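Please consult the sequence and the 3D structure while reading.

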Amino acid sequence: QVQLVESGGGLVQPGGSLRLSCAASGSILSINAMGWYRQAPGKQRELVASLTSGGSTNYAGSVKGRFTISRDNVKKTAYLQMNSLKPEDTAVYYCNADLLTDRGRYDRWGQGTQVIVSS
């Protein structure tokens with residue numbers, strides 16, 4: 001069974017840093033785009049950052065210059081380095097991946113990891 005598992009969330013003070021990880025497992029032949037989304041209480045889920053297999057990135061305007069998305073294709077893992085965190089970054093962060101498996105192509109979501117930025 002193909003799945004994504006996030007880790008690395010937690011409580012951090014404003015100005016601090018966190019690194020989120022998203023590990024893909026299962027019978028994966030290749031991973032196309034991977035992305036990070038977030039959903040704050042009472043708000044819609046929004047794209048934070050995405051990274052294609054070709055290396056193209058896209059960032060939400062609110063995180064440009066502070067967050068960096070990367071991936072390790074051997075480990076089938078995506079990362080989100082978050083620096084200079086602000087209280088408005090508080091949300092549940094979800095990983096998403098476009099996967100090619102031995103049973104076809106799938107769009108998968110992780111279970112989410114909570115990030116709280118507070119003093």
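C95 is buried, with a relative accessibility of 0%; buried means under 20% relative accessible area, exposed over 50%, and partly exposed in between, for a 1.4 Å probe and protein chains only. The model is predicted: local features need pLDDT of at least 70, side-chain atom pairs count only at pLDDT 80 or more, and totals for chains, interfaces and linings use all residues. Residues are numbered from 1 along each chain as its sequence is written, and side-chain values use heavy atoms, with hydrogens and water left out.

**The disulfide**

- The structure contains 1 disulfide, a term for a pair of cysteine sulfur atoms within 2.5 Å.
- C22 and C95 form this link, and their sulfur atoms lie 2.0 Å apart.
- The link is left-handed, with -80 degrees about the S-S bond.
- Because C22 belongs to strand β3 (residues 18–25) and C95 to strand β9 (residues 91–101), the pair ties together parts that are 73 residues apart in sequence. Strands are DSSP runs (E, at least two residues), numbered from the N terminus.
- C22 is buried, at a relative accessible area of 0%.

**The residue T77**

- T77 is located in strand β8 (residues 77–82).
- With 9% relative accessibility, T77 counts as buried.
- The side chain of T77 reaches the backbone oxygen of K75 at 3.0 Å.
- Leaving aside residues up to four places away in sequence, T77 touches S21, C22, A23, S70, R71 and D72; contact means heavy atoms within 4.5 Å.
- C22, one of the residues that T77 touches, is also a partner in the disulfide with C95.

Terms used. Helices (H or I, at least four residues) and strands (E, at least two) are DSSP runs, numbered from the N terminus. A polar contact is a pair of N or O atoms within 3.5 Å; within protein, one must be able to donate a hydrogen and the other to accept it, and residues adjacent in sequence count only if both atoms are side-chain atoms.
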